Amino acid sequence: MESRTLWQIVCVVLVAVLSEFAFGVELTFELLDNKRDCFYEEIQKNTTCVLEFQVVTGGSYDVDVTIEAPTKDVIYRQVKAQYDSHKFTAPMSGTYTVCFSNEFSTFSHKLVYMDFQVGEEQPLPGADHVTVMTQLEFVTSEIHKSLTSIIDYQTHHRLREAQGKKRADDLNKRVFYWSLLEFTAILLISLGQVFILKNFFTDKNSAGASTDRFRMTSRLTFQD
């Protein structure tokens, strides 16, 4: 009996998690330089929406973000933002526009993560009744909330991990190229010093030999 109850809990939680993924709008996309990408969503009046974004890689990790109502009125705007979360209630029914702009960048591509939730979270299957929940339903609901929080934390940690890895790779490349430049400069300076010193002693020896030959010639002429 306990094993059957446990399997019922697991099945309900899995269905809830799958439904969470089905109704959530969550994606990661590449935003090219001098480009502006927009997403459109049909939203009913008085619907609560949450927009969360973060620039994972590229340039200075910043983008311009705007949310426009069906009347083209700007509900939300951020200029050169790295990450943010905005919650709003739709004032009217219609098509809302979420735009990400990288038009201020001339050569840097950006990798942007976006999570756009429309409406309240879907209730658990069979738990949307108005009566008092049973112990099984209560435990299932708590497990569902914990799993949702775990998924959110994992998403944020993976984004931070990807961002940190990208910055570490960029730093590693800069250190490598700078070390290569220093090595080349030291090698050229060393070769230059050796060449200059070699010419210096070669010229000195040539001058001494010429002086000796001049003295020898003068003595022979005097003796004659």
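**View 1. Cysteine 49, a buried residue of the predicted model.** Cysteine 49 has a relative accessibility of 0% and therefore counts as buried, where buried stands for under 20% relative accessible area, exposed for over 50%, and partly exposed for what lies in between, with a 1.4 Å probe and protein chains only. The model is predicted, so local features need pLDDT of at least 70 and side-chain atom pairs count only at pLDDT 80 or more, whereas totals for chains, interfaces and linings use all residues. Residues are numbered from 1 along each chain as its sequence is written, and side-chain values use heavy atoms, with hydrogens and water left out.

**View 2. The disulfide between cysteine 38 and cysteine 99.** The structure holds one disulfide, a term for a pair of cysteine sulfur atoms within 2.5 Å, and in this bond the sulfur atoms of cysteine 38 and cysteine 99 are 2.1 Å apart. Because cysteine 38 belongs to strand E2 (residues 36-43) and cysteine 99 to strand E7 (residues 94-101), the pair ties together parts that are 61 residues apart in sequence; strands (E, at least two residues) and helices (H or I, at least four) are DSSP runs, numbered from the N terminus. The torsion about the S-S bond is about 105°, so the disulfide is right-handed. Cysteine 38 is partly exposed, at a relative accessible area of 24%, while cysteine 99, at 2%, counts as buried.

**View 3. An open sheet of four strands.** The strands follow the order E1-E8-E3-E6 with antiparallel pairing, two strands being paired if DSSP finds at least two bridges between them. Strand E1 (25-31) and strand E6 (83-89) stand at the edges with a single partner strand each, so one side of each is left without a neighbour in the sheet. Within the sheet, strand E3 (residues 48-57) pairs with strand E8 (residues 110-118) in the antiparallel sense over eight bridges, and leucine 51 stands opposite phenylalanine 116 in E8.

**View 4. Serine 105 in the loop between E7 and E8.** Serine 105 has a relative accessibility of 9% and counts as buried. When its neighbours within four places in sequence are left aside, serine 105 is in contact (heavy atoms within 4.5 Å) with Asp33 and Asn34.

**View 5. Glutamate 182 in helix H2 (residues 135-223).** Glutamate 182 is partly exposed, its relative accessible area being 39%. The side chains of glutamate 182 and tryptophan 178 are joined by a polar contact of 2.8 Å.

Methods. A polar contact is a pair of N or O atoms within 3.5 Å; within protein, one must be able to donate a hydrogen and the other to accept it, and residues adjacent in sequence count only if both atoms are side-chain atoms.
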